[in-house]
Amino acid sequence: MKIEVMADYAALSERAAAIVAESIRRRPDAVLGLPTGSTPEGFYSALVRTGVSFRKVQTFNLDEYIGLRKEHSQSYYSYMRTHLFDRVDLPPQSIHIPDGMTPDVAAECRAYEAGIRQAGGLDVVVLGLGLNGHIGFNEPGTPWTSRTRRVALTDATRQANARFFGSIGAVPREAITMGIGTILEARRVILLASGESKADIVRRTVAEAPSEAVPATALQRHENVTILLDRAAAAEVPQVAFRSER
Ligand code: F6R
């Protein structure tokens, strides 16, 4: 894993955007795996500012809540429209987000996996990091062979996301998420973490022995992972050779 420590959130966002924009310039029909949440908001703004064309790009989001209509203000579809899709020239038919209202979740998940395969696999997947180490909505204990599927959200994750819904009771209890196995097949992985609240789980992700108890440690097994941190999130990372300050 390559760890890059940026001065602050703005620099982290710019760096992530530069990496993804460069991937798209090199391969205009790049297939991207994309996150939601607070952390990537600056990344999306910076990516839009690069002016790179999404005309041939395909996107697959990591996850979506079950039971929220696309139009719901807190659906990940709405989030993506606000932060990226309505701001770039990505054709609507190139957007893929699991349908949280599908009557047949298992079929939706199979079709999602097939869609990724048909697109040629994920070139770059960008991830946020949950306080409990989740990536996508793969909560602690998830097998690393897992594929896109229905998952129950932990209370900790629902609590962490209650800020978007006003109360924990309004946070959906289930989601559809890409699996860890799906994520590990991406050709390149970029993990973003910002702020002191992430410092401990960042340390565990990079410095602890890989274990299903911390899903993000699965990334230690991937050969092309870049971890982008701001100083606050990097505060507990041991000073080891692979850490580079910018
Ligand atoms: C979102 C996702 C989650 C978040 C994680 C961190 O699509 O898959 O894994 O990346 O919960 O969220 P923030 O950035 O809000 O701290």
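Me: What do the buried residues of H3 pack against?
Reply: They pack against strand E2 (31-34), H2, strand E3 (58-61), E4 and helix H5 (155-165). This is a predicted model, in which local features need pLDDT of at least 70 and side-chain atom pairs count only at pLDDT 80 or more, while totals for chains, interfaces and linings use all residues. Residues are numbered from 1 along each chain as its sequence is written, and side-chain values use heavy atoms, with hydrogens and water left out.

Me: Which residues of H3 are buried?
Reply: Tyr76, Ser78, Tyr79, Met80 and His83. Buried means under 20% relative accessible area, exposed means over 50%, and partly exposed is in between (1.4 Å probe, protein chains only). Helices (H or I, at least four residues) and strands (E, at least two) are DSSP runs, numbered from the N terminus.

Me: How many aromatic pairs are there in the whole structure?
Reply: Seven aromatic pairs turn up. Rings of Phe, Tyr and Trp (its six-membered ring) pair if their centres lie within 6.5 Å; planes under 30 degrees apart count as stacked, over 60 as edge-to-face and the rest as tilted. Take Tyr44 and Tyr79: the centres are 6.2 Å apart and the planes stand at 70 degrees, so this pair is edge-to-face.

Me: Where do Tyr44 and Tyr79 sit in the chain?
Reply: Tyr44 is in helix H2 (residues 41-50) and Tyr79 in helix H3 (residues 76-83). They are 35 residues apart, so the pair links distant parts of the chain. Both Tyr44 and Tyr79 are buried.

Me: And why is the Tyr65 and Phe137 pair called tilted?
Reply: Because their planes are at 40 degrees, with the ring centres 5.8 Å apart. Tyr65 lies in strand E4 (residues 63-65), and Phe137 in the loop between strand E6 (124-127) and strand E7 (149-152), so the pair ties together parts that are 72 residues apart in sequence. Tyr65 and Phe137 are both buried.

Me: Which aromatic cluster is Tyr65 part of?
Reply: The one formed by Tyr65, Tyr76, Phe137 and Phe165.

Me: What sits over the ring of Tyr77?
Reply: The charged end of Lys70, 4.6 Å from the ring centre. The test is NZ of Lys or CZ of Arg within 6 Å of the ring centre and within 35 degrees of the ring normal.

Me: New topic. In what order do the strands of the E4 sheet run?
Reply: E4-E8-E7, an open sheet of three strands with antiparallel pairing. Two strands pair if DSSP finds at least two bridges between them. E4 and E7 are the edge strands, each pairing on one side only.

Me: How many bridges join E7 to E8?
Reply: Four, between E7 and strand E8 (residues 174-177). Arg149 has Thr177 in E8 as its bridge partner.

Me: Now the largest nonpolar core. Which members touch the most others?
Reply: Phe60, Leu127, Ile135, Met178 and Leu229, out of 34 residues. Elements giving two or more residues to this core include strand E1 (2-6), helix H4 (105-118), strand E9 (188-193) and strand E10 (225-230). A second, separate core of 32 residues includes Ala17, Ala30, Phe43 and Leu192. A nonpolar core is a set of buried Ala, Val, Leu, Ile, Met, Phe, Trp, Tyr and Cys residues joined through side-chain atoms within 4.5 Å.

Me: What is Ile135 in contact with?
Reply: Leaving aside neighbours within four places in sequence, its contacts are Leu127, Gly128, Ile180, Ile183, Leu191, Pro215, Ala216 and Leu219. Contact means heavy atoms within 4.5 Å.

Me: Is E9 mostly covered or open, and how many residues are buried?
Reply: Mostly covered: six of its six residues are buried. Arg188, Ile190 and Leu192 are on one side, with Val189, Leu191 and Ala193 on the other.

Me: What does E9 pair with?
Reply: E6 joins E9 through four bridges, running parallel. E9 also pairs with E10 in the parallel sense, over five bridges. Leu127 stands opposite Leu191 in E9, and Val189 has Val225 in E10 as its bridge partner.

Me: Last one: how many residues of E1 are buried?
Reply: Four of the five, so E1 is largely enclosed by the rest of the structure. E1 and E10 pair in the parallel sense over five bridges, and Glu4 stands opposite Leu228 in E10.
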